[in-house]
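Work through the exercises below with the sequence and the model side by side, and try each task before reading its solution.

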Amino acid sequence: MKHHDIMPAGQVGRSVPRLEGRQKVTGRAAYTHNLVLPGMLHAKVFRSTIPHGRILSIDTSAAAAVEGVHRVVTGEDLRAIVAEPYFGPAFHDQPALALDKVRHIGEPVAVVLAEDPYIAAEAARLIVATYEELDAVFDEVEAMTSSAIVHDVLKPAGTFPDLKHLVGKRDTNIALDYQLRRGDVDAAFASADHVYEHEFKSQQVMHTPLEPMVSLAAPDGDGLLIHTASQSPSFVRIEIARLLGWPENRVRVKVPYLGGGFGAKLYIKLEALVAILALMVKRPVKLSLTMEEQFFTITKHACTFRIKSAVSSEGRVTGRRCEVYWNGGAYADIGPRVTQKSGFTAPGPYDIENVSIDSYALYTNRPPAGALRGFGIPQLVWAYESHSDMIARDLGLDPVEFRRKNILREGRPHATGTLMHDAEIEGVLEKIAERMNWSAPFDRGEGHIKRGRGIAIAFKASISPTTSVAIVTIAADGCASLAISTVDMGQASDTAMAQILAEVLGLATEDIKVIHPDTDVTPYDMATLGSRSTFHMGHAVRLAGEHARRQLDELAVSLGYAPGAAYAPRDLFKKKYGMQAGNIVGVGSYIPDYTSPAPKTGLSDNITPFWMIGGTGVEIEIDTQTGAIKVLKLINAADLGLPLNPKIVETQLSGAALMQYGFTLFENMLFDEGQLTNGSLADYKIPGLNDIPPVIENHIVDARQTTGPFGAKGVGESATFGVSPAIANAIHDAVGVRLTELPLTPESIFNALRAAKSQAGKA
Amino acid sequence: MYDFQYLRPATVDEASRVLATQPDARPMSGGMSLLPATKQRLSHWSAIVDLGGVAGLDEIRMEHGALVIGARARHVSVLSSSVVRAAIPALAELAEGIGDPLVRNRGTIGGSVANADPAADYPAALLGLGATVVTNHREIAADDLFTGLFETALEAGEIITAVRFPVPKRAAYAKYRHPASRYAVVGAFVAETAEGVRVAVTGAASHVFRVPAFETALSKSLSQDALVGVTPAYGDLNADLFASSEYRAHVIGEMVRRAVQACLHPSTPSRNA
């Protein structure tokens, strides 16, 4: 590990222990789950048992008759408060409770409000709904042409210009068709020495935050106070205000620590329902999901990716066509953004002259899919880095060497036309090769234990353009408070932001108070997502700190200090106000430059404020008798600019990699005609301490984001990118079989081995 | 959880009387399966008869050359018993691999056997070793005890008081775990006894069963080579989200091979695959 530079004030670059660490390990940290308000009612959701159908009747009488039940509410009842209770960040397609139709099994249909959560649960079992069943569609490729139509008419929210052309469209499940065209891909195929075409599938999985989703709404004067485990308090306020037709300032959203988010708690989830219910019954209403209910609430997109490459005999990729189908489930959530924002990186971090991308967001009758750590990137990398290895092997080229020939280097244009800067693709590749000791001989195992190794590299653009605002308040004793709407969900943003402010103000990080999101107090932030906070909020905090500092300097001069002379802030306040009194308030607001992609070609000269680069190397062992796989070594490397806090960055890398490790080897939401069949942690395996590789290395590649705050950029997702294909590539290396569908289970490896054996027998 | 009566009798007779007269009453010995099932409303009993109040059923001892384990002996007692380790080390190792520490600290051998979970570990040991189950009424050979999915030959009011294991020459258990539940996808118990080699398999079908084809082959020669080319015909094997029946059939052979390997080389780790 390189020694990282610590900035002059000794704050940025220092491995400051998490500010909230002590609170958390001693059980004192506040979570929404623990919150109880006087007069609060508990809500329990009654859910659809069919994947697609018209609601004929909902009989709530037996549930309403249970002692302790306050009220039972259906979708139609909600219309008394909000006539059109549909919400969503990209499309206004999701009703707070089903209206007219249900579109997936597990969709909320009615809700019981009771004094006690167990009474609510008991009563919810007594609700009976009848439906006229409609044809359903579950597969993303079938959804392209299926006669089963999930939404009769498309309802884009109007927030995004590239969705406007979809307004009012009928008889389609395509919620967004994004395309990019660069060069002449057909000509590239026609003149290629080799053409490779493969299809890869990734499965639907769930975020599994340790703290399940929870929201609590309470009437508050003529407004509404919402306590919620959300990654996007500002968006919740805006969306609830829109639904109610209120000004933003009548909706107050408070968010404490989160027990994990990973994209599950983004935009708006339970908040619309509890907000309407609280106004309806004029009491606080809390809805706490169980772990199992989360499977029906938000998931990661299943995806089919067809990738075709033109390759010269020397191993240069000259053309690439990508067709990507995203299974968005019944409601769009942020899926159309995944389709576009991730879609344009589908060809991978490679220098390819001719590129064609078609990326489709599809509605199906599965639980909705949205953002999950990586925002679509891991699904793409799964395909293009498996494809890379398959090409290299076929050409007899070393996989590292093949990548060296093709990677995007400094100053070269990406598929969109944006020139690559501050993107250490080469640095990440070489770091992994070095740590894998790639050029040295490798022990391939013996007997029925076979060993192999594999690598993968990838990149991601930052979602753009987005805004962050920060407010710094200096008190008369010189101490500082930082009001931001960034949500600390375990990634240690409180610590990182305090470090930035402390560096600017010359204070100790530990002495900064970070005020948690409260939209009455903390200013706007787009959301805590996509590894954007360090860069965007980091800049806003820096600017706010500099603004405060400037005012202190001016105050000092006005009080007779020589310009540039040292002062203690507390002396300034004392001198100015005659006692310990007054404040200085610094404000910072940040939005990066950005050029929207051209509609038909998808081209842009400034597609992202920064690139995240990540790569993975693994060594594995396969037991050919059972197909059992052991990952012996997992090496993560990323370009995250200069680390603000090296220790926390390392845990971000290992955490991200292990999350994707679960999606690679274990996790898979299995469906039978739209019915989830393994929706409990007794069947749905997430990685535990016994499952993780014995050796994990996390490497911060020598880099600097020249446009970032103190040279930094985001890192929350970078180590997810390469895990799946690195492992599949290692399996191929070990036993010569290629898996193209996730997850990589022992049985799938075993079956592939058996198929290969019978193939060899025939030959 | 539904309402139910909780009873804690002090003697086997008292427990037996309640269970014989109340058809919807259920005995509990540890409750490691019964409590979760009740909480999840998978089962509903008018009364739960907790055998935890019955004293003296947890002894582990040698008797006429056989290992006798009281029905209330917890898994932790079996795995840490020097008597078990000396007589049938494979049984102690099997107990060590059951569930997690919480389950091992509360769960009992009698509870596990009477519950007859298709993926439980103990039934494989009982059948593989040719054990005898002692109840308050009679003695039942393991071969006659396990009759179906969560079904045994035990009658209403019949309570297991002990399990008697003949001591084998050699024995070993190999288990392929479900990644999430950690239950056996396949568990194979192989024992060389006075009457020949016995092979019992759990996790793979509705209840534990023996594999005569492997037993015949291994009785001729307890070696991995003896297994080559032996492909038993199985009845209905389980197929679930983790493993198809074809894959299970293959894994049975592999677990038997590993158990044989562990019989021959007791130091080889066989518990986890």
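**Exercise 1. Find how many residue pairs are in polar contact across the interface of chain B and chain A, and describe the side of chain B that takes part.**

Step 1. Across this interface there are eight residue pairs in polar contact, both residues of a pair being at pLDDT 80 or more; a polar contact is a pair of N or O atoms within 3.5 Å, where within protein one must be able to donate a hydrogen and the other to accept it, and residues adjacent in sequence count only if both atoms are side-chain atoms.

Step 2. On the side of chain B that touches chain A, helix H11 (residues 245-264) of chain B gives the most, with seven residues; helices (H or I, at least four residues) and strands (E, at least two) are DSSP runs, numbered from the N terminus.

Step 3. Sorted by class, that side of chain B holds eight nonpolar, four polar and six charged residues, where Ala, Val, Leu, Ile, Met, Phe, Trp, Tyr, Cys and Pro count as nonpolar, Asp, Glu, Lys and Arg as charged, and the others, Gly among them, as polar.

A note on the basis of these solutions: this is a predicted model, in which local features need pLDDT of at least 70 and side-chain atom pairs count only at pLDDT 80 or more, while totals for chains, interfaces and linings use all residues. Residues are numbered from 1 along each chain as its sequence is written, chains are lettered from A and ligands numbered from 1 in the order in which they are written, and side-chain values use heavy atoms, with hydrogens and water left out.

**Exercise 2. State the area buried between chain B and chain A, and locate a salt bridge that crosses the interface.**

Step 1. The contact (heavy atoms within 4.5 Å) takes 21 residues from chain A and 18 residues from chain B.

Step 2. About 1500 Å² is buried between the two chains, with carbon and sulfur atoms giving 54% of it; buried area is the accessible area (1.4 Å probe) that two parts lose on being put together, summed over both.

Step 3. In chain B, the residues that lose the most area to chain A are B:Arg41, B:Leu241 and B:Tyr247, together 35% of what that side buries.

Step 4. The rule finds two salt bridges across the interface, a salt bridge being a side-chain nitrogen of Lys or Arg within 4 Å of a carboxyl oxygen of Asp or Glu. B:Arg41 forms a salt bridge with A:Glu122, and their closest N and O atoms are 2.5 Å apart.

**Exercise 3. Trace the open sheet of chain B that contains S11, and say which strands lie at its edges.**

Step 1. The order of the four strands is S11-S12-S13-S14 (chain B), with antiparallel pairing; two strands pair if DSSP finds at least two bridges between them. The edge strands are S11 and strand S14 (209-210) of chain B, each of which pairs on one side only.

Step 2. Strand S11 (residues 170-177) of chain B has six of its eight residues buried, buried meaning under 20% relative accessible area, exposed over 50%, and partly exposed in between (1.4 Å probe, protein chains only).

Step 3. S11(B) is joined by eight bridges to strand S12 (residues 184-193) of chain B. B:Tyr176 has B:Val186 as its bridge partner in S12(B), and B:Ala172 stands opposite B:Val190.

Step 4. Six residues lie between the strands of this hairpin, where B:Arg182 takes a positive phi near 70 degrees.

Step 5. In helix H10 (residues 212-220) of chain B, the buried residues include B:Phe214 and B:Leu218, and what covers the buried residues of H10(B) includes S12, S13, S14 and H11 of chain B.

**Exercise 4. Decide whether A:Glu697 is buried or exposed, and name the residues that it touches.**

Step 1. A:Glu697 is found in strand S30 (residues 695-700) of chain A, and its relative accessible area of 14% makes it buried.

Step 2. Leaving out residues up to four places away in sequence, A:Glu697 touches A:Arg435, A:Leu634, A:Ile635 and A:Asn636. With the side chain of A:Arg435, the side chain of A:Glu697 makes a polar contact (2.8 Å).
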